[in-house]
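Here are some notes to read alongside the structure. Keep the 3D view open and find each residue as you go.

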Amino acid sequence: MRYPADSVIRAEFLRRPNRFIAHCRLEGTEVICHVKNTGRCRELLLPGAVVYLCRAAEGTARKTAYDLIAVEKNGQIINMDSQAPNLAAGEFLRKRFDSVRAEVTYGSSRVDFLAEKNGRKTYVEVKGVTLERDGAVFFPDAPTERGTKHIHELIRAVQEGFHAAILFVIQMDTVRYFSPNDGTDPAFGKALREAADAGVEILAYACHVEPDVMEITEPVEIRL
């Protein structure tokens with residue numbers, strides 16, 4: 001997953017007055033950016049942090065000229081664009097399956113991908129992970145009833161004879177392990193464990209991240 005050539009610029013984070021916008025200093029000038037992640041990201045967006053902005057395409061009708069897509073934390077670049085995990089996952093899955101369709105309906109939900117190989121269907125839900133503590137990563141960083149609902153839909157898919165998987169795309173390079181964030185959303189953690197017991201495949205992968213690139217690379221240990 002790569003952003004358009006020459007569109008990514010280094011800047012300094014100043015403040016985030018609400019979930020959707022951030023003020024950054026770019027080449028000595030304060031600019032307002034769209035934040036492409038509505039999560040809390042409190043441990044990432046600290047005053048003075050190095051961030052990376054993606055310039056909007058020319059002719060785009062929008063209020064801000066830049067998207068905030070990544071941040072540096074302890075010398076590591078973390079992509080925090082909420083659209084990037086699905087783009088990277090699409091590339092990852094298409095290398096491994098005969099056909100991949102995005103945004104398919106199952107039950108009362110839309111599942112991120114339906115992948116098929118040798119006639120076997122696999123429903124795949126993708127979750128982007130940006131919350132890191134001492135080398136461990138956690139999801140979610142805020143309560144997510146929607147995420148828990150998706151897990152229950154995947155459990156039902158397995159019960160109806162399909163294969164199903166949850167793919168946690170860790171938006172950084174170096175981590176020790178992944179766990180559900182029970183302290184923030186115990187219902188999600190409970191549902192994830194129920195899914196594993198029901199036969200839903202739980203996957204977690206780190207990514208190679210540069211300011212303008214994010215690519216899924218290596219599996220990460222999962223601790224449920």
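1. With which residue does Arg-110 form a salt bridge? The partner is Glu-103, and the closest N and O atoms are 3.3 Å apart. Keep in mind that this is a predicted model. Arg-110 is partly exposed, with a relative accessible area of 44%. Glu-103 is also partly exposed, at 39%.

2. Now widen the view. A search of the whole structure finds 13 salt bridges. One of them joins the side chains of Glu-132 and Lys-73, at 2.7 Å from N to O. This pair links distant parts of the chain. Glu-132 sits in strand β10 (residues 131–133), while Lys-73 sits in strand β5 (residues 66–73). They are 59 residues apart.

3. Is that pair buried or exposed? Glu-132 has a relative accessibility of 12%, so it counts as buried. Lys-73 has 17%, so it counts as buried too. The cut-off behind both calls is under 20%.

4. Next, look at helix α3 (residues 186–198). Here the side chains of Lys-190 and Glu-194 meet in a salt bridge, at 2.6 Å from N to O. The two residues are 4 apart in the helix, so about one helical turn separates them. Lys-190 is exposed, with a relative accessible area of 52%. Glu-194 is partly exposed, at 30%.

5. Salt bridges can also join up. Glu-153, Arg-156 and Glu-160 are linked in a network of them.

6. Turn to the aromatic rings. A pair of rings is described by the distance of the centres and the angle of the planes. The count here comes to 8 aromatic pairs.

7. Tyr-106 is buried, at 7% relative accessibility. Phe-162 is partly exposed, at 29%.

8. Some rings gather in a group. Ring pairs link Phe-139, Phe-168, Phe-178 and Phe-188 into a cluster. Other rings have a charged neighbour. Arg-96 lies over the face of Phe-92, at 3.7 Å from the ring centre. Arg-133 lies over the face of Phe-138, at 4.9 Å from the ring centre.

9. Phe-138 leads us to strand β11 (residues 136–139). In a regular strand the side chains alternate between the two faces of the sheet. In β11, Ala-136 and Phe-138 point one way. Val-137 and Phe-139 point the other way. All four residues are buried.

10. What lies beside β11? Strand β10 runs antiparallel to β11, and 3 bridges join them. Leu-131 stands opposite Phe-138.

11. β11 has another partner. Strand β13 (residues 177–180) pairs with β11 in the parallel sense, over 4 bridges. Here Phe-138 stands opposite Ser-179. Trace both pairings in the 3D view: antiparallel with β10, parallel with β13.

Definitions and conventions: Residues are numbered from 1 along each chain as its sequence is written. This is a predicted model: local features need pLDDT of at least 70, side-chain atom pairs count only at pLDDT 80 or more; totals for chains, interfaces and linings use all residues. Side-chain values use heavy atoms; hydrogens and water are left out. Rings of Phe, Tyr and Trp (its six-membered ring) pair if their centres lie within 6.5 Å; planes under 30 degrees apart count as stacked, over 60 as edge-to-face and the rest as tilted. Buried means under 20% relative accessible area, exposed over 50%, partly exposed in between (1.4 Å probe, protein chains only). A charge sits over a ring if NZ of Lys or CZ of Arg is within 6 Å of the ring centre and within 35 degrees of the ring normal. A salt bridge is a side-chain nitrogen of Lys or Arg within 4 Å of a carboxyl oxygen of Asp or Glu. Two strands pair if DSSP finds at least two bridges between them.
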